[in-house]
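Student: Hi! Could you walk me through a structure?
Tutor: Happy to, here it is.

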Amino acid sequence: MTFKEKIDCLRFAFALCNKFDKSIYPVAVLKWLCNAIVPLIPTFFSAKIVDELVGARDVKVLIIYGVFMAVLIAVFEFFRHLTDRAMEDKLELLHIYEGKVFEESIVNKDYELLEDVDFQTAVKAYKVVYQNNYGIFYNMWFFFGNFITGMLSLLFSLILVGPSIIKCFEIDNSSFLTSYKPLVILAVSVVFIGFIMILIGNKYSKIMNGLTLKFNTLFGIFSYWYNFPLKYQNGKEIRIYNAQEAILKKRNESLNDLYMWDKKSFDSQAKYTSILMVFQMIIMGMFYLFVAIKAYAGMFGIGSFVLFLGASLQIAEGINLIGNISTILGMSTQHISYLKRIVETPQRKHIGTLPVEKRNDNRYDIEFKNVSFKYPGTDEYILKNFNARLEIGQHMAVVGKNGSGKTTFIKLLCRLYDVTDGEITLNGINIKKYDLKEYMSLLSVVFQDFQLFSVPLAQNVTTSLEYDKEKLYDCFDKAGIKDRVEQMHDKENSVIYKDFDENGIEISGGEAQKLALARALYKDAPFVILDEPTSALDPISEFEIYQRFNSFVGDKTAIYISHRLSSCRFCNNILVFDDGRIVQQGSHDELVQNTDGKYYQLWTAQSQYYI
């Protein structure tokens with residue numbers, strides 16, 4: 001990353017802090033002040049006490065110094081402990097808020113971004129940072145706090161020894177020991193060494209960034225294999241196919257890779273920390289030598305000697321902490337960049353503002369006009385010059401081989417993707433111009449890869465905490481699962497799956513499919529889209545769904561996708577897809593008469609199994 005990009009990352013992170021809790025700043029400043037001041041209090045008063053002991057030896061003065069030192073240390077230690085605790089609490093809440101920002105951003109992004117490889121790479125990297133490194137805020141505030149504490153320690157230490165430094169310019173410069181030259185040499189040397197420490201820290205930061213990126217990848221692989229056998233859904237396959245040994249081998253290999261890379265990171269950290277420590281000791285040694293020279297020349301009394309020695313330790317520590325600027329602009333900004341990219345990735349689809357006309361008669365007309373589409377990042381068109389009209393109230397079946405464009409047709413209809421060329425219109429207006437949420441309200445969809453949630457049945461079907469119970473059971477009945485629900489211990493309030501409830505109910509694939517169908521019916525949208533809605537049902541349940549299909553869909557426009565051509569006979573219009581185009585259209589009886597057509601070819605391939 002460039003320097004500007006790093007600054008932009010810090011600006012982004014602090015903007016999130018501002019949005020959540022601005023009170024973190026005064027707490028942090030007080031914490032940093034206490035961290036910088038507390039070590040200097042005994043240094044300052046020790047010097048005063050030593051001067052008094054070799055001077056007037058006034059007991060009252062010694063007592064005052066002792067009391068003041070004890071009180072100030074107690075007060076600042078109290079505030080340091082208080083701010084440490086408060087800062088930890090705020091960082092915990094920031095960590096939760098950070099996760100909320102991430103989750104809300106993912107939920108509200110365009111669906112096509114969830115299938116984008118680069119976007120998913122950022123998501124995976126950020127999840128490792130959030131789970132394994134306490135998120136972006138904890139590390140950012142830790143490193144930034146070290147930097148500010150170092151600056152304050154250096155500043156306060158220089159203020160403390162300021163009178164002694166000024167004294168170096170007020171005396172006889174007839175000899176080297178009493179002149180200002182040792183001070184100049186010390187200052188130049190400290191600045192030079194400090195610059196070298198920053199350069200070393202910068203190089204260390206770059207190396208650690210590379211190691212961290214690789215560690216994040218290895219940690220993701222290890223987490224996958226570690227969690228795989230813990231998911232009870234995988235238990236059957238593991239045991240049936242005797243995959244235990246292979247999984248444990250993969251887990252151990254990934255753990256070993258992770259360990260070796262972590263060891264490499266630790267060795268690099270130890271190496272550079274040792275180098276920086278050596279330079280810190282050199283700075284302290286130079287300060288000690290300077291103090292010794294001045295004391296020998298009679299310029300510093302014992303008190304000044306003690307003061308300078310104590311302050312030099314804080315100056316060296318301050319310079320070392322300031323070197324963390326490379327880490328701030330390195331690892332921290334790299335971690336921040338993942339969340340920044342996720343949050344700031346722009347929506348790709350155009351979001352319109354037109355409201356959708358509310359009609360009780362469900363007279364919504366959708367038409368595909370010369371639509372062509374290719375997925376982002378590819379050159380292959382899935383649909384080419386595609387034209388179709390969804391006639392109001394029509395029950396339409398869509399058939400074709402895998403890869404013929406059926407699912408893409410549905411994704412475009414649902415605006416999960418936008419067309420590459422051409423347009424889709426709703427009542428004559430391009431669907432891009434409509435408010436997206438209002439347009440989505442027209443569609444009830446059961447996808448082939450539908451998902452149910454580990455929550456009560458009622459919430460799964462209604463996707464809400466408040467619902468119409470009578471309507472809910474009517475949808476259960478139409479979907480053919482009412483009797484099963486009534487047998488459950490908590491009926492519609494029964495939780496499915498055991499992710500969060502040990503009493504959760506395991507349901508079959510067919511039951512899950514019926515619940516997904518009930519969810520589509522409960523939404524009561526004008527368009528019902530069913531993608532292989534009976535693939536997991538037994539023949540009797542499938543037949544019951546077909547018999548009731550027209551009754552529970554009613555006057556809605558229905559699109560039915562299936563590989564089983566026998567299940568399409570109840571639809572009054574069948575679209576036959578092939579190579580991204582509609583090659584045939586009509587009823588089953590009409591299409592099967594054309595022995596040269598694609599439908600006849602598909603039908604005869606399957607009909608032998610129907611006899």
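Predicted model: local features only at pLDDT ≥ 70, side-chain atom pairs only at ≥ 80, totals over all residues.

Student: What should I know about the numbering and the model before we start?
Tutor: Residues are numbered from 1 along each chain as its sequence is written.

Student: Good. At what angle do H2 and H4 cross?
Tutor: Helix H2 (residues 24-37) and helix H4 (residues 59-108) cross at roughly 140°, and their axes come within 9 Å. That makes H2 oblique to H4. Angles under 35 degrees count as roughly parallel, over 145 as roughly antiparallel, 65 to 115 as roughly perpendicular and the rest as oblique. Axes here are lines fitted to C-alpha atoms, for helices over the stretch in contact, with angles from 0 to 180 degrees between N-to-C directions. Helices (H or I, at least four residues) and strands (E, at least two) are DSSP runs, numbered from the N terminus.

Student: Is the crossing of H2 and H4 left-handed or right-handed?
Tutor: H2 passes H4 in a left-handed crossing. Left-handed is used if the near helix is turned anticlockwise from the far one by less than a right angle, and right-handed if clockwise.

Student: Which residues make that contact?
Tutor: On the H2 side they include Ile24, Val27, Leu30 and Cys34, and on the H4 side Phe76, Phe79, Met87 and Leu94 are among them. Contact means heavy atoms within 4.5 Å. By class, the contact has twelve nonpolar, two polar and four charged residues. For those classes, Ala, Val, Leu, Ile, Met, Phe, Trp, Tyr, Cys and Pro count as nonpolar, Asp, Glu, Lys and Arg as charged, and the others, Gly among them, as polar.

Student: And how do H4 and H6 pack?
Tutor: H4 and helix H6 (residues 117-132) pack at about 160°, with axes 12 Å apart, and are therefore roughly antiparallel. Their crossing is left-handed. Phe102 and Ile106 are among the H4 residues that meet H6, where the partners include Phe119, Tyr126 and Tyr130.

Student: What about H16 and H18?
Tutor: Those two pack at about 130°, with axes 8 Å apart. That makes H16 oblique to H18, and the crossing is right-handed. Lys471, Leu472, Cys475, Phe476 and Lys478 in H16 meet Leu515, Ala518, Leu521 and Tyr522 in H18. The count by class is seven nonpolar, no polar and two charged.

Student: Switching topic: how many disulfides are there?
Tutor: The structure holds zero disulfides, a disulfide being a pair of cysteine sulfur atoms within 2.5 Å. For Cys9, the nearest cysteine sulfur is that of Cys17, 14 Å away.

Student: Is Cys9 buried or exposed?
Tutor: Cys9 counts as buried, because its relative accessibility is 3%. Buried means under 20% relative accessible area, exposed over 50%, and partly exposed in between (1.4 Å probe, protein chains only). Cys414 is also at 3% and buried.

Student: What does Phe447 touch?
Tutor: Not counting residues up to four places away in sequence, Phe447 touches Ile410, Cys414, Leu416 and Asp531. Phe447 sits in the loop between strand E6 (443-446) and helix H15 (457-462) and is partly exposed at 27%.

How values were computed. Heavy atoms only, no water.
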